[in-house]
Amino acid sequence: MEKSTHLDHITLGVCYYPEQWPREMWQSDLLRMKAHGIKTVRVFEFAWSVIEPKDNKWDFSLFDDFLALANEDHMQVILGTPSATPPAWLPHAHPEVLNAKMDGTLYRHGHRRHYNYNSPVYRQYVSRVVEKLAQRYGDHPAVIGWQIDNELNCETNVFYSQADHDAFRTWLKKRFGTLEALNDAIGGRFWSQSFSAWEEVFLERPVVGRGNPHLSLLEKEFISDSAISFADMQAQILRKHIGHRFITTNGMFGHLKNDELTNQVLDFYSYDNYPNFAYGQSGINGGNGGDMKDRASSYALSAVRGFSPNFAIMEQQAGAHGWDHAMLSPMPLPGQMRLWTMQAIAHGADYVSYFRWRTAVFGTEIYWHGILDYDNRDNRRLKELGEIYQDIQKIQDMAGAKYQAKVLLLTDWLNDWDGERDQWHGPMAYQSNQAIFAASQHTHTPLDIKPWNDAMTPEALVAYQLIFLPHAAILTEKMANVLKAYCEAGGKLVLGARTGYKDEFGRCLTVPMPGYAAEVCGMTVEEYSLPRPDETAMLAWNGKTYPVTGFQESMIPQDSQAIAYYDSGWLQNKAALCEKRYPNGGCAWYAGTGFSESLSEAFFISAGAAHPYSQIVDCPPQVELAVRSNGKEDWLILLNYAQQPQPIHVDKEFVPVLGGMDFLQPLGVSIWKRNS
Amino acid sequence: MEKSTHLDHITLGVCYYPEQWPREMWQSDLLRMKAHGIKTVRVFEFAWSVIEPKDNKWDFSLFDDFLALANEDHMQVILGTPSATPPAWLPHAHPEVLNAKMDGTLYRHGHRRHYNYNSPVYRQYVSRVVEKLAQRYGDHPAVIGWQIDNELNCETNVFYSQADHDAFRTWLKKRFGTLEALNDAIGGRFWSQSFSAWEEVFLERPVVGRGNPHLSLLEKEFISDSAISFADMQAQILRKHIGHRFITTNGMFGHLKNDELTNQVLDFYSYDNYPNFAYGQSGINGGNGGDMKDRASSYALSAVRGFSPNFAIMEQQAGAHGWDHAMLSPMPLPGQMRLWTMQAIAHGADYVSYFRWRTAVFGTEIYWHGILDYDNRDNRRLKELGEIYQDIQKIQDMAGAKYQAKVLLLTDWLNDWDGERDQWHGPMAYQSNQAIFAASQHTHTPLDIKPWNDAMTPEALVAYQLIFLPHAAILTEKMANVLKAYCEAGGKLVLGARTGYKDEFGRCLTVPMPGYAAEVCGMTVEEYSLPRPDETAMLAWNGKTYPVTGFQESMIPQDSQAIAYYDSGWLQNKAALCEKRYPNGGCAWYAGTGFSESLSEAFFISAGAAHPYSQIVDCPPQVELAVRSNGKEDWLILLNYAQQPQPIHVDKEFVPVLGGMDFLQPLGVSIWKRNS
Amino acid sequence: MEKSTHLDHITLGVCYYPEQWPREMWQSDLLRMKAHGIKTVRVFEFAWSVIEPKDNKWDFSLFDDFLALANEDHMQVILGTPSATPPAWLPHAHPEVLNAKMDGTLYRHGHRRHYNYNSPVYRQYVSRVVEKLAQRYGDHPAVIGWQIDNELNCETNVFYSQADHDAFRTWLKKRFGTLEALNDAIGGRFWSQSFSAWEEVFLERPVVGRGNPHLSLLEKEFISDSAISFADMQAQILRKHIGHRFITTNGMFGHLKNDELTNQVLDFYSYDNYPNFAYGQSGINGGNGGDMKDRASSYALSAVRGFSPNFAIMEQQAGAHGWDHAMLSPMPLPGQMRLWTMQAIAHGADYVSYFRWRTAVFGTEIYWHGILDYDNRDNRRLKELGEIYQDIQKIQDMAGAKYQAKVLLLTDWLNDWDGERDQWHGPMAYQSNQAIFAASQHTHTPLDIKPWNDAMTPEALVAYQLIFLPHAAILTEKMANVLKAYCEAGGKLVLGARTGYKDEFGRCLTVPMPGYAAEVCGMTVEEYSLPRPDETAMLAWNGKTYPVTGFQESMIPQDSQAIAYYDSGWLQNKAALCEKRYPNGGCAWYAGTGFSESLSEAFFISAGAAHPYSQIVDCPPQVELAVRSNGKEDWLILLNYAQQPQPIHVDKEFVPVLGGMDFLQPLGVSIWKRNS
């Protein structure tokens, strides 16, 4: 079954921590939530020490009482398994459960995720507490579903405990069978790096410089598998006891194949959505000044949708955020919570749960604001919540409708991880992804983002008019075959500099670049370099010029046409862009550089993919356009991220459901509907 | 008895290290000191290895001989206890005496303060050496007093040795009695952070992120108590042997309640005064360009005066400073040593001891220049010392006179320490303190600085017309009561943003902000945020505007009047400043932001506290004005920090004692006197 | 015998890694090399795990076969000893062979130089493998010489393993004999730093702040001696087996007296020449914008020539460089490889070996490009190699000819190392060296660079018209005597600020500055300071002004004349430059500041040393001029670093051998010859 929420109406929820508040407040809290449209609470994911205050001493009274009250109040509950924060007694008695720095220094009790996924001892303790919880609450009438752990691979996504070293060795044995195979995969003939016995193999340890890069890439695959296996262990226990109730987890963080996690372990994925994380970040063309600030969240929401078409927001920003020590964003402006909520829904979220009901008054997150402030008074944000609920009523039937896009940005876990270390493709890929996304936003061209997986078929991909795979340094024969078949089926493909020169271990191929993609694109690379710091060459295409970013390659067209050239510099007049046309209308472009926003837009236009709704809706670049459809009905969603009103015009075949008809208010939202 | 020097005349001294020079030089050094006005030498605080070259092998010959010579030459001696630099054999034999990094790495022999205050072994060794010294020299005729250790909490003010972890646990048990009470204080219900046994409790250790913030605040209180207890241990030994002679220590450094140290252990406090530490610092409006460079020292001198009205300068900068590796300031300009000396005296220093007689020719401090250079030639700075001594002769009777101020800047240790980590109030408080101080300097409004203590009474505080307590996030009920009574007694109080939302453990109060101060100020906070990076709102008050700095709050006046508003931005037209008038002329202001210099000055003026001597003296902002009085006589001290001459005019009821009458020379000083 | 290559013709080579490629490629690789002018290959320096895959299990088949093939193909081979990269099994079984961080954390297998030079275990393993290699291949007909290890002290040049601590103690005992002598040398009377037993002595360990500065200087001498001793151990084994074949090593890196290494252990020195390391560096006036980018290599080449007049380039940059993770330079432009090759030859390199034949396809150096790319296709760089070989044919007889210079920049290891830590002279010396070098380049004044050694005589030095010793803080009596005798013999000497105030342990002398140089220069220093940040004083000399850089001193002329003064600021009108004239035309200048390029040039001109070939050649500053001579023939080499053509004019007594006659092409080279 599709990994989606499968809700029959858009639903609001909230995160709540009964153990942090006097019991006397519970009832008023629940009733006040309901009065503002909240139907569901997520609870208990950090409460291990409450139920197991000492090793194997159990006290479920607080849980029992809260769940009974929730049931009485007809409030639905999502229960978290508490493995993200083991009680103090556990690592004190068993330090081997702790994660460690690369040099072996243990991470101690006091924050989150100080444990490791592979410690047999930790796995036993976690299994026991999850089993106890599942047995006790698996069929509780208030409980509708479970969240495993909290934000897997958040806080840290590298692991160097003894248990991890040991598990890595086991994992490698299983993967490679022999030391010879491992030595070959990691280029052991370089610098005498071959292993002569399995005992010599470790996750990265302190070295002069950096360790073997291929082992480093395998390390990230191992970490992803470890996290998935840890979640799966919990899911298998839960499934024995919870019947039809769902299992999810919230994310999304690094060194983790979230699509694989979802497919193997979960019913759907939940995203923790904090648009103001973009505040002050330099990504996209946002930062403090640019217009992509809050819009950056749409990138992440698209990526989640890539493997969980209708998903949950388990934590939706409801105030200024920060930890106990630092201010990280200002308080949301009036209307901004609503905008963010609608943005999440526009991208496919059918459940939106705010973090958190009331701001914590102690601990690390006293500045991670909830809806209510410390003083529990009615405040502006609570009022806005009530208003959001009124709005949601008008679009409830959108639940289950799918986001519509004809352009795909294809990503790839291995390339992401190799590119963390490899500055010759990683940072450029990041910049290109952001620029392609910005171009899609500003031109109103809905865009999907999906990670490559080997089950992808040309038949499925050809639903997209245009696919970007910007800088897949690692491009396997399998991928090349699928992409070629996609082009042959009429699809249009865009590849960029640094494509295809590595294999799945990060070793360089001994064939001309771009490796397996050479045939797809009908060319090979001739010269390549980082852009010379003392030059400002441009790529000249069809009378316009586009900046050379990230890298610069010239190419020799074979079964293709050079259609753009460098206008100056050491590669002046060399081919900068090749186009291979396929009989069926398909096309493969290879660009010898990174993708700026303007170059990305040029490909949207060349492919005829830009602004597919231009006949229906007219709005300025400041406005995001999203379309959801359930096959019978289509919704147009317009989101104004600017603090100035924006003119909009929507064709009359759509009828307004929510918000302004001619203008979008500052931070305003407008939703329209038609029968398709 | 008041914690003051109680000298009957202003006295000059110098720091000297007989063990670092050939004995043949001692006599000529001492006679040359005397010839330039030096009466007192501080010696031996780093000479432990000289008297105890091996464990329990004693050799006092060098000390004996030097003290005998000093006595012969009628030179007074201050003896330092040598605990800041244990000999190499001690930590080698007993590594448990060493301090450690947070990850447990021991700090080794080779610098200073590599020991910890809590090691029972170290305490035994220190007790023994102090007892030996006190027995031998307690009644020595040349010795006039003792300095304990050197610069407690300098170099490092965090401690993570095993002995510290153990002592912290003991300290917590004493403070909280039960684990339940501790768990409550640290918000143990958050993220399963409760302890189930005392053995699980540690000072901060490496964690993913940061550890519990409340425990972190307790850690700083513990460090302060540890240092005080360590000093007290030494003082108790000394008191048995030294009769009327004084005990002091030199400072002042972080994580140490220097007022409590002074009150509990010392006869008076000594400050180490290096005005050029301000060189290149960005604080105040100084830095390299601003005019507050050397003037920054007046802030620290005021703070020392806050708990030791007449104090000593144990180390007064006498040359360029730096370590063995870095240049940290240029050589003092001609006249600058004199300016700095007079600045210290202006603020209440009655003993000024230069650091050091001759610059070290080996070791870590070869660039921490003394008066003489390596070559021992007569130099400019020695000549200036002789001139300073001549000047001092003219103001000897100022000894014991008190600095006069009607405005108080109230600080608070707990807020300082909580604010080290909490960027939502600490950095703003630092900026506001500096701005208030700059305003006081530029408007010639003498200012006292004192740390809050629970013995403070409204009766004592009302001696001040105006009190600033800028951003006391932690504001206890006790403090609120005293401040309210102060207002009721006619005092004027200024509070700023972020006041009063935390308790003494750094937990947030569950009442409207500013907590206990709400009644004092007659208002509550409505909206709050860090200033939006994309706005430049101003606070508009009485036709002028003032910048929003550090934070931004709007408020709801209750028993007060809103008297200023934000002029634009998301809080436009919301109340920015409330004023509660008290019947007796008192007043409480609450400003919803940090204090710029201009806003601070506006409060000086509103309170009628600006430039109290405007009828008597006229001088430009480049000049600092200080007044000392002994009840019978008043001295006006004018200090010119500029390298240009400055015009001054002093009323004729004052007579000139020193320096220019109509103009202050560049870096010049002018002192005037009247009978009051 | 002179430490030089002693080749009878300029020779090209390449670095090759047979173990990294299929055997089937060897033959075609070797033949293709030969076809492009390569006569020599360096091999095997990282192949320990190939010949000793397990402890004492030997497999020489790969080596045997490759050497046989090379011999068959008449290709000469340089064999590397493999000690830079021990196999994984070695440190796994014997962790004591590993180097450690200062805190004791071991550096693990995975990169290079993770071993230490002093471990007896490692020395045994290295001795065994070197002996095995020497026995087997010592008289192999293809082998012409040996390279010891690879890039000693590259990657790291500090060592803190237990073996190093132990060896340091032994080294100190040998050097000082008694603890008393050591304590005296390190200023142990400061801060109780005296040792009471040898067991208390360690290399630097974590301290609060930094450890004893004098011990830190000794530590660097110890490291240099350790590296030399490690190389010598290998050389002595090799010498038993290799007959007339040469021994060299490649470098050059820090904390190593490369001249002493060469004299004691090697037949000549080899330099690894990567001109693009200068890319993006801020040194000299280069960086990205300045014109000294690639020219910076000439500085290093001159320094190598200082102790190995004709030397080898063991690794010559042949492509963009970088590691597995970062792009560090762009791809060389067309012609740039040739320019760099000729630059090396101009400075005395008679053997130039490119790094590497084909770029690695796995491991840490996949972006350290060789001549060929991963795909093994003929490429531009291979073509350029062939062209370079054609050019080299025309200048083969230049082999053995010496670089001609009349100006010497004298450096000193102790000052370099003391200045690493001491910011009061080290950074200034670096800047001055770069500026003097830039002045020499731009004025076409060939310059030698040599490290001071105690065997230097006035007789030898007087071959130089002019010697700069910019800021020798440590200037011994011996040095002063030699320099004085040089002046008396007619030489001209330039000293700068901060000269002569320290002894060989970094302790300050108790005599007036500049210590032993005071008599040489006939003056003493009066005032000194870092340049005041708020002043911009200039040194005024002969109607021109020069910037004060790095430091500022005024001086009292005694047996000299003040000939320049400061034009403003606190030292206005004080002496800034003294000149002591010697009867024989000699002269000693002491400048109270660092050397800017303009001030350096002023000394070139004053000494009559600027542009000695001005009658013969005329060319713009963008062009480097070098002259080599074998006593019978002189070669003029002109190198154009600019991307624009440059006009040149050479007197007709020279005949063109290579390149343009009236213009130098962009990145062009022109070589001329005459009989002298």
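How many residues of chain A are in contact with chain C, and how many of chain C with chain A? In this predicted model, 42 residues of chain A are in contact with 47 residues of chain C.

**Where chain A touches chain C**
- On the side of chain A that touches chain C, α8 (213-242) and β15 (523-529) of chain A each supply at least two residues.
- The largest share, three residues, comes from β15(A).
- By type, the residues on this side of chain A are 18 nonpolar, twelve polar and twelve charged.

**How chains A and C are related**
- Chain A is superposed on chain C by a rotation of 120° with 0.1 Å of shift along its axis, and the RMSD is 0.0 Å.
- The two copies are thus related as by a three-fold rotation axis.
- In chain A, the C-alpha nearest the axis belongs to T105(A), 5.9 Å from it.

**Helix α5 of chain B**
- Helix α5 of chain B (residues 120-137) has 18 residues, which should span 26 Å at 1.5 Å a residue; its end C-alpha atoms are 25 Å apart, which agrees.
- Buried residues in α5(B) are Y122(B), R123(B), Y125(B), V126(B), V129(B), V130(B), L133(B), A134(B) and Y137(B).
- An α-helix has 3.6 residues a turn, so residues three or four places apart point the same way.
- The buried residues of α5(B) pack against several elements of chain B, including α3 (61-72), β4 (143-147) and α8 (213-242).
- The exposed residues P120(B), Q124(B) and Q135(B) sit on the face of α5(B) turned away from its buried side.

Terms used. Residues numbered from 1 in each chain as written. Chains lettered and ligands numbered in written order. Predicted model: local features only at pLDDT ≥ 70, side-chain atom pairs only at ≥ 80, totals over all residues. Contact = placed C-beta atoms within 7 Å. Helix = DSSP H or I, 4+ residues; strand = E, 2+ residues; numbered from the N terminus. Nonpolar A, V, L, I, M, F, W, Y, C, P; charged D, E, K, R; others polar. Expected span 1.5 Å × (residues − 1). Buried ≥ 20, exposed ≤ 12 C-beta atoms within 10 Å, placed from the backbone. Least-squares fit on C-alpha atoms with pLDDT ≥ 70 in both.
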